[in-house]
Amino acid sequence: MYLPPHDPHVDDPMRFKPLFRIHLMERKCATVECMYGHKGPHNGHIQIVKKDEFSTKCNQTDHHRMSGGRQEEFRTWLREEWGRTLEDIFHEHMQELILMKFIYTSQYDNCLTYRRIYLPPSSPDDLIKPGLFKGTYGSHGLEIVMLSFHGKKAKGTKITGDPNIPAGQQTVEIDLAHPLQLPDIENLHDFSELSRIVLEVQEQVRREEQEREHWQEEEDRSQPAASQPAAKPLGGEGAEGEETAAGAEGTSQDKAPASQPFVLPMGVISRNEDYPRTCRICFYGTGLIAGHGFTSPERTPGVFVLFDDDRFGFIWLELKSFSLYSRIKVSFQNAEAPSREAFDEMLKNIQSLAT
């Protein structure tokens with residue numbers, strides 16, 4: 001398992017923790033050992049669920065227990081997961097979230113299901129290289145997000161989740177067709193000024209969506225019979241969309257300076273005060289917020305801030321909060337990773353033994 005660094009050190013490297021290991025001793029002879037807990041390797045089990053998915057199970061969960069009971073297990077987990085003790089955490093809400101996470105994760109005792117992550121494709125036209133990023137999420141600590149590009153949109157999808165927004169949900173969406181011109185550095189301190197700019201763009205986006213829906217309805221009503229197909233815009237299907245995207249890209253790149261001063265407005269909370277003080281460009285975006293258990297989810301306006309090729313940020317306007325993201329640069333130095341084909345074949349051999 002690769003764990004994010006301790007909160008809020010988003011630029012630190014990922015942490016390595018082995019959870020199970022497979023011994024292939026002879027042809028069609030293999031053993032699986034669970035590495036969870038603090039009593040050394042012990043008997044485990046692994047099986048293929050379906051393509052790109054397998055499960056592990058510990059057969060000796062008593063090896064995970066500690067002499068001091070759940071309290072000692074919690075304190076040990078807290079030091080490993082957060083790099084601190086419970087006495088260091090004064091915020092009551094944060095204590096509640098940490099306890100919820102411990103209860104949720106410890107109940108599985110390394111009986112887990114793993115699914116392969118396919119990284120998004122990369123294009124020369126992308127704003128930056130897509131991939132995995134560590135991000136600060138307030139009292140939730142650091143979480144992993146996958147950044148991907150989809151034409152005039154960019155999306156941040158949660159790889160790891162929390163009690164509010166689970167893994168797999170789209171945490172942020174960036175509208176690359178609507179770059180934001182930040183106020184000068186003196187006025188940027190004023191949160192109300194930034195809020196005014198973002199809400200104006202939000203209203204503009206809303207009007208444009210209404211216009212698109214209106215024209216789509218008009219086109220559907222006036223659609224001729226199948227024998228008389230509607231005339232396409234000059235340049236063929238999709239030409240208009242390509243022109244719009246190219247125009248938006250050209251506009252944002254032409255008007256954006258190489259770098260501009262950046263500072264968080266007064267009142268915006270950041271877990272990490274060591275964020276860059278210059279940025280390349282900003283875009284309008286939306287962030288997903290919800291109550292515990294993913295209740296009442298809603299998309300709220302925000303600001304996507306691109307600092308450099310490996311770091312970006314997001315200002316959650318409604319929460320008055322700032323998330324800083326840093327690219328994951330993992331080098332697998334602990335062991336030479338097998339190819340996908342070799343690993344899949346190894347799992348099949350173990351599965352045939354189990355059956």
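This note goes through a predicted model point by point.

1. Five strands form an open sheet in the order 3-4-5-6-7, and their pairing is antiparallel. The edge positions belong to strand 3 (20-26) and strand 7 (112-115); each has a single partner strand, so one side of each has no neighbour in the sheet. From one strand to the next, the twist averages 35°.

2. Strands 5 and 6. Within this sheet, strand 5 (residues 42-50) pairs with strand 6 (residues 53-58) through six bridges, in the antiparallel sense.

3. The loop between strands 5 and 6. Asp 52 sits in the loop that links strand 5 and strand 6. The phi angle of Asp 52 is positive, about 65°, although the residue is not a glycine. Is Asp 52 buried or partly exposed? Its relative accessible area is 21%, and buried means under 20%, so Asp 52 counts as partly exposed.

4. The cavity. How many cavities of 30 Å³ or more are there? The count comes to one. The largest cavity holds about 30 Å³ of space. Its lining consists of Phe 20, Val 32, Glu 33, Cys 34, Gly 44, His 45, Thr 56, Lys 57, Cys 58 and Asn 110. Strand 4 (29-34), strand 5 and strand 6 are the elements that give two or more residues to this lining. Sorted by class, the lining has four nonpolar, four polar and two charged residues.

5. Leu 86 and its contacts. Leu 86 belongs to the loop between helix 1 (69-82) and helix 2 (92-106). With a relative accessibility of 28%, Leu 86 is partly exposed. Which residues does Leu 86 contact, leaving aside neighbours within four places in sequence? They are Phe 74, Arg 75, Leu 78 and Gln 95. For Arg 75, eleven residues away from Leu 86 along the chain, the C-alpha atoms of the two are 7.3 Å apart.

6. Strand 11 and its partners. Strand 11 (residues 170-180) has eight buried residues out of eleven, so the rest of the structure largely encloses it. Strand 10 (residues 153-158) runs antiparallel to strand 11 and is joined to it by five bridges. Here Gly 156 has Val 172, in strand 11, as its bridge partner. Strand 11 is also joined to strand 15 (residues 281-291) by five bridges, and these two strands run antiparallel as well. In this pairing, Glu 173 stands opposite Thr 286 of strand 15.

7. A cis peptide bond. Between Asp 7 and Pro 8 the peptide bond is cis, and its omega is near 0°. Pro 8 is placed in the loop between strand 1 (2-3) and strand 2 (15-16).

8. Another positive phi. Lys 320, which is not a glycine, has a positive phi of about 50°. Where is Lys 320? Lys 320 lies in the loop between strand 17 (311-316) and strand 18 (321-327). The relative accessible area of Lys 320 is 36%, and the residue is partly exposed.

Terms used
Residues numbered from 1 in each chain as written. Predicted model: local features only at pLDDT ≥ 70, side-chain atom pairs only at ≥ 80, totals over all residues. Heavy atoms only, no water. Pairing = 2+ DSSP bridges. Helix = DSSP H or I, 4+ residues; strand = E, 2+ residues; numbered from the N terminus. Axes fitted to C-alpha atoms, helices over the stretch in contact; angles between N-to-C directions. Buried < 20%, exposed > 50% of the residue type's maximum accessible area, 1.4 Å probe, protein only. Contact = heavy atoms within 4.5 Å. 1 Å grid on protein atoms, 1.4 Å probe; cavity = no way out; pocket = protein on both sides within 12 Å on 5 of 7 lines; lining within 4 Å. Points joined across faces, edges and corners; volume = space filled by probe spheres on them. Nonpolar A, V, L, I, M, F, W, Y, C, P; charged D, E, K, R; others polar.
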